[in-house]
Amino acid sequence: MTFVFSPPAQASVAIAGSADLFPVHRIYCVGRNYADHAIEMGDTGREAPFFFMKPADAVLPVAEGSVGVMPYPSMTQDLQHEIELVVAIGRGGKDIAVADAVAHIWGYAIGLDMTRRDLQGASKKLGRPWCTGKGFDYSAPIGPLHREVPSGTISLQVNGVPRQAGTLGNMIWNVAETIAQLSTLFELQAGDLIFTGTPAGVAAVVPGDLLEGRIEGLGSLQVRIDQ
Ligand code: MN
């Protein structure tokens, strides 16, 4: 039996104001990086940040001014949104000092760390990995990358109703500290994306819902949940 081998495409995300694409190398995510969300997930205190990953091709790139369409994933009854600031690495390195970290950043985007909360919860209970809860196909919708440094508010509405709201300054570990910590564990490379955690208010979505995330300075990210 023969078949034609189709090589996998390079995962990529949009760049604001450009037709060029930013190739994605890896997707790192920070857990519990806003105090109010850590509390809603049952944690308190400033422990060292912890990380998990999604596959690079979990990105669902959403071009400027368009609405992304995310298929409702299989094997879950509790798909939840987490609005996050995404940092794109433009220059790699390991053991990066906090003071040098910002110089490794290429740009910033709005992202959604979509989560099968029921599967993640079962994994936590059993001490198992989070891959099925966090790293599934299309689990990382992301808007275009901007070069400007954002600051200020981060929020998410579902069907026009506010769900999540916070300020980037409320991160437990700021962007520079996160890059420094992550680079002690992995050698960062150009093309890496880092999801930097979500504020409180995570909740379920259903097919037909329209999610609209906003971060001051980065515009908005719109995603509709499909069947
Ligand atoms: Mn998250």
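This is a predicted model: local features need pLDDT of at least 70, side-chain atom pairs count only at pLDDT 80 or more; totals for chains, interfaces and linings use all residues.
Me: Which residues line the largest cavity, and which lie nearest its centre?

Reply: The lining takes in 16 residues, with Gly31, Arg32, His37, Glu82 and Lys134 nearest the centre. Strand 3 (27–31), strand 4 (50–54) and helix 2 (117–126) each give two or more residues to the lining. The largest share, 3 residues, comes from helix 2.

Me: How do you know what kind of lining the largest cavity has?

Reply: By sorting its residues: 5 are nonpolar, 5 polar and 6 charged. Among those nearest the centre are Arg32, Glu82 and Lys134; Asp, Glu, Lys and Arg count as charged, so these belong to that group.

Me: What makes Glu82, Glu84 and Asp113 donors of the manganese ion?

Reply: A donor is an N, O or S atom within 2.8 Å of the metal. Glu82 (OE), Glu84 (OE) and Asp113 (OD) coordinate the manganese ion at 2.0 to 2.1 Å, so they meet that cut-off. Along the chain, the donors follow the spacing E-x1-E-x28-D. Glu84 lies in strand 8 and Asp113 in the loop between strand 9 and strand 10 (115–116), so the pair ties together parts that are 29 residues apart in sequence.

Me: Are Glu84 and Asp113 buried or exposed?

Reply: Both Glu84 and Asp113 are buried, which means that each has under 20% relative accessible area.

Me: Why is a group of residues called a nonpolar core?

Reply: Because its members are buried residues of kinds such as Met and Ile, joined through side-chain atoms within 4.5 Å. The largest nonpolar core has 39 residues, of which Met114 and Ile179 touch the most other members. Among the elements that give it two or more residues are strand 8 (83–89), strand 9 (105–112) and helix 4 (175–185). Apart from it lies another core, of 19 residues, including Phe22 and Phe52.

Me: How do you know that strand 16 pairs with other strands?

Reply: Pairing needs at least two bridges. Strand 6 (residues 67–71) and strand 16 share 5 bridges in the parallel sense, while 6 bridges join strand 15 to strand 16, running antiparallel. Both therefore count as pairs. Arg224 in strand 16 is the bridge partner of Val69, and Leu210 also stands opposite Arg224.

How values were computed
Residues are numbered from 1 along each chain as its sequence is written. Side-chain values use heavy atoms; hydrogens and water are left out. Buried means under 20% relative accessible area, exposed over 50%, partly exposed in between (1.4 Å probe, protein chains only). Helices (H or I, at least four residues) and strands (E, at least two) are DSSP runs, numbered from the N terminus. Donors are N, O and S atoms within 2.8 Å of the metal (3.2 Å for Na, K and Ca); water is not among the atoms, so sites may look incomplete. On a 1 Å grid over the protein atoms alone, a cavity is a set of points where a 1.4 Å probe fits but cannot get out, and a pocket is an open set with protein on both sides within 12 Å along at least five of seven lines; lining residues have an atom within 4 Å of a point.
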